[in-house]
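Where does space remain inside, and how do helices meet?

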Amino acid sequence: MHALLSAFAPIWMLTAAGYAVGRSGLLGAQAEAVLGRFVFHVAMPAALFTMVSGARPAGFAHLPMVAFAAATALVSGPGYVVARRFFGRGRADGAISSMASGYVNSANLGIPVAVQVLGDASFVAQVILFQVLVVSPVILTLLDSGTRAGGGPEGGPGSGPGVGRPGGGLRRMLTMPVRNPVILASLLGVAVSAAGLRLPAALTHSCDLLGAAAVPTALVTLGLSLHGGPANRTRRVAGRTEVGAAVALKTLVQPLIAFLVAGPLLGLPDHQVLAVVLCSALPTAQNAFIYAREYGLDTGLARDSVVASTVVSMVTLSFATWALGPNH
């Protein structure tokens, strides 16, 4: 429990700092928008490029990753369908609901949890690459196709990469890797990794510095969004059922499916079952909020899912460690 508290504390403290800054008005009315765009267009691409270019993503086919991918797909898909069918969400908002239901906080929370519980972060590193190279492009494609050029998402005032750009659906799809900094940085990283290039130290150090700003800035931006007027509070209350569904899928259903696939179905060793379940039980990543903000969507679902799942996952991670850990 002490290890879990140590891992969660920075998330709560940076989010609280963002909330305090929002209440004080220290950074002005546009702070959330500016910081959100900085994360999406500058810091996050730098972090992804550094991580992917220095990795060798050749281990996706082994069974623990198959179990994790199956659990991700089997909650992300229903998360998308529930948002569309039961809550009347459009394609882009459905993509955010899917992300809130199945995209885990594998980097800034998964790594310290894995180191403390599993002894190393090798499996979490593969989970990070899987989400960056497989899950994120799918989510971003849905977001891009769900935001109409010039009109914003759902006809609203959008600010995302697809807004205000001319061209039909096919043209938007073909040019999305160039227009979207997250996908572009990931593809460049894959190209560098595949070519076996050794980048100059000055370039990698600069990307490391920029990338290190991604997570803390995203958390501060999340905290800024928690300070809002009556309209934001009304939207949070009205969406409790939707947030509850996303959080239940993320913190309860996803780790349960991961256990069933990794254990009874695939018969993996106990330590691999624990690794798969722990990673699946991690809360929603703050990327869901950043993506929703950048594409001009209602950020209420993503924001509240990140906060609520982070609280609930304290219980589910502790239970998974107790039930599946070597000391049980």
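This is a predicted model: local features need pLDDT of at least 70, side-chain atom pairs count only at pLDDT 80 or more; totals for chains, interfaces and linings use all residues.

The residues that line the largest cavity comprise six nonpolar, three polar and one charged. The structure contains one cavity of 30 Å³ or more, and the space within the largest cavity amounts to about 50 Å³.

Its lining can be followed residue by residue. Gly79, Val82, Ala83, Phe87, Ser97, Ser101, Glu242, Ala245, Ala246 and Leu249 form the lining of the largest cavity. At least two of the lining residues come from each of three helices: H3 (63–85), H4 (91–102) and H12 (240–265). Of the contributors, H12 gives the most, with four residues.

The discussion now turns to a pair of helices. Helix H2, which covers residues 31–53, packs with helix H9, residues 201–212, at an angle of about 130 degrees, and their axes are 7 Å apart. Because of this angle, H2 is oblique to H9. An angle over 145 degrees would instead count as roughly antiparallel. The crossing of the two helices, H2 and H9, is left-handed.

On the H2 side, the contact is made by Val42, Ala43, Ala46, Ala47, Phe49 and Thr50, while H9 contributes Cys207, Asp208, Leu210 and Gly211.

Terms used. Residues are numbered from 1 along each chain as its sequence is written. Side-chain values use heavy atoms; hydrogens and water are left out. Axes are lines fitted to C-alpha atoms, for helices over the stretch in contact, and angles run from 0 to 180 degrees between N-to-C directions. Angles under 35 degrees count as roughly parallel, over 145 as roughly antiparallel, 65 to 115 as roughly perpendicular and the rest as oblique. A crossing is left-handed if the near helix is turned anticlockwise from the far one by less than a right angle, and right-handed if clockwise. Contact means heavy atoms within 4.5 Å. On a 1 Å grid over the protein atoms alone, a cavity is a set of points where a 1.4 Å probe fits but cannot get out, and a pocket is an open set with protein on both sides within 12 Å along at least five of seven lines; lining residues have an atom within 4 Å of a point. Grid points are joined across faces, edges and corners, and a volume is the space filled by probe spheres set on the points. Ala, Val, Leu, Ile, Met, Phe, Trp, Tyr, Cys and Pro count as nonpolar, Asp, Glu, Lys and Arg as charged, and the others, Gly among them, as polar.
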